[in-house]
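Trainee: I would like to take a close look at one part of this structure, starting from a single residue and what lies around it. Could you walk me through it slowly, and then show how other parts of the chain are held together?

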Amino acid sequence: MQEVAHDIRAAGASLVAISPQLPKYSKQVIKKHGLDYPVLADPGNNVASLYGLVFSLPEDLRTIYTSFGIELDRFNGDDLWRLPLPGRFIIGTDGVIQNVEVHPDYTWRPDPTRIVELLKTI
């Protein structure tokens, strides 16, 4: 992802990630993976909820997450067990969304290399 982040900057754009994680946990992820772009906090998925981009994990997934040591209640600071849908938004300097890709399958992620291709078309 670091190479893609560099290519995004070279295209004159900025990369920003948004996470429901508490900032102290996002800082750990930033350090662990050497991220050189901001990771903004969306506590309680409040912003993602406004856009209808949040889902609640069913009980069976909660059990699986917990068995892997993924404690969303601790990481996100609430007991709602909600996550944002994975997606990518390209927003122009005028604030208008130029491209969006969101998927209802939480296991799917947009191809990061496609971002640079899309930036060239805007």
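Mentor: Let us begin with Asn45, which touches Pro20, Val54, Arg82, Leu83 and Pro84 when residues up to four places away in sequence are not counted. Please keep in mind that this is a predicted model. Asn45 is found in the loop between β2, residues 39-41, and α3, residues 46-50. With a relative accessible area of 2%, Asn45 counts as buried, because buried means under 20%.

From there we can turn to the aromatic rings, of which 2 pairs are counted. In one of them, the ring centres of Tyr25 and Phe75 are 5.0 Å apart and the planes stand at 90°, so this pair is edge-to-face. Tyr25 belongs to helix α2 (residues 23-33) and Phe75 to helix α5 (residues 72-76), so the pair ties together parts that are 50 residues apart in sequence. Both Tyr25 and Phe75 are buried. For Phe55 and Tyr106, the ring centres are 5.8 Å apart and the planes meet at 35°, so that pair is tilted. This pair too links distant parts of the chain, since Phe55 lies in strand β3 (residues 54-56) and Tyr106 in the loop between β6 and α6, 51 residues apart. Phe55 is buried at a relative accessible area of 17%, whereas Tyr106, at 27%, is partly exposed.

The largest nonpolar core has 11 residues, including Val4, Ile8, Leu35, Tyr37, Ile90 and Ile115. Helices α1 (2-10) and α6 (113-121) each supply at least two residues of this core, and the largest share, 4 residues, comes from α6. Another core, of 7 residues, lies apart from it, and among its members are Leu57, Leu61, Tyr65 and Leu72. In soluble globular proteins, nonpolar side chains tend to be buried together.

Arg88 is buried, with a relative accessible area of 7%, while Glu101 is partly exposed at 29%.

The structure holds 5 salt bridges, and one of the others joins Glu117 to Arg114, with 3.3 Å between the closest N and O atoms. Both of these residues lie in helix α6, 3 residues apart, or about one turn of the helix. Glu117 is partly exposed at 44% relative accessibility, and Arg114 is partly exposed at 37%. In helix α4 (residues 59-67), Arg62 and Glu59 are likewise 3 residues apart, and their salt bridge has its closest N and O atoms 4.0 Å apart.

Finally, consider the surface, where Phe89, Ile91, Ile97 and Val100 form a nonpolar patch with about 370 Å² of accessible area together. Strands β5 (87-91) and β6 (97-102) each supply at least two residues of this patch. Ile97 has its place in strand β6, and at 48% relative accessibility Ile97 counts as partly exposed.

Technical notes
Residues are numbered from 1 along each chain as its sequence is written. This is a predicted model: local features need pLDDT of at least 70, side-chain atom pairs count only at pLDDT 80 or more; totals for chains, interfaces and linings use all residues. Side-chain values use heavy atoms; hydrogens and water are left out. Patches are made of residues with over 30% relative accessible area and no salt bridge: like charges are joined within 9 Å, nonpolar side chains (Val, Leu, Ile, Met, Phe, Trp, Tyr) within 5 Å. Accessible areas come from the Shrake-Rupley method with a 1.4 Å probe; for residues, only the protein chains shown count as cover. A salt bridge is a side-chain nitrogen of Lys or Arg within 4 Å of a carboxyl oxygen of Asp or Glu. Buried means under 20% relative accessible area, exposed over 50%, partly exposed in between (1.4 Å probe, protein chains only). A nonpolar core is a set of buried Ala, Val, Leu, Ile, Met, Phe, Trp, Tyr and Cys residues joined through side-chain atoms within 4.5 Å. Rings of Phe, Tyr and Trp (its six-membered ring) pair if their centres lie within 6.5 Å; planes under 30 degrees apart count as stacked, over 60 as edge-to-face and the rest as tilted. Contact means heavy atoms within 4.5 Å.
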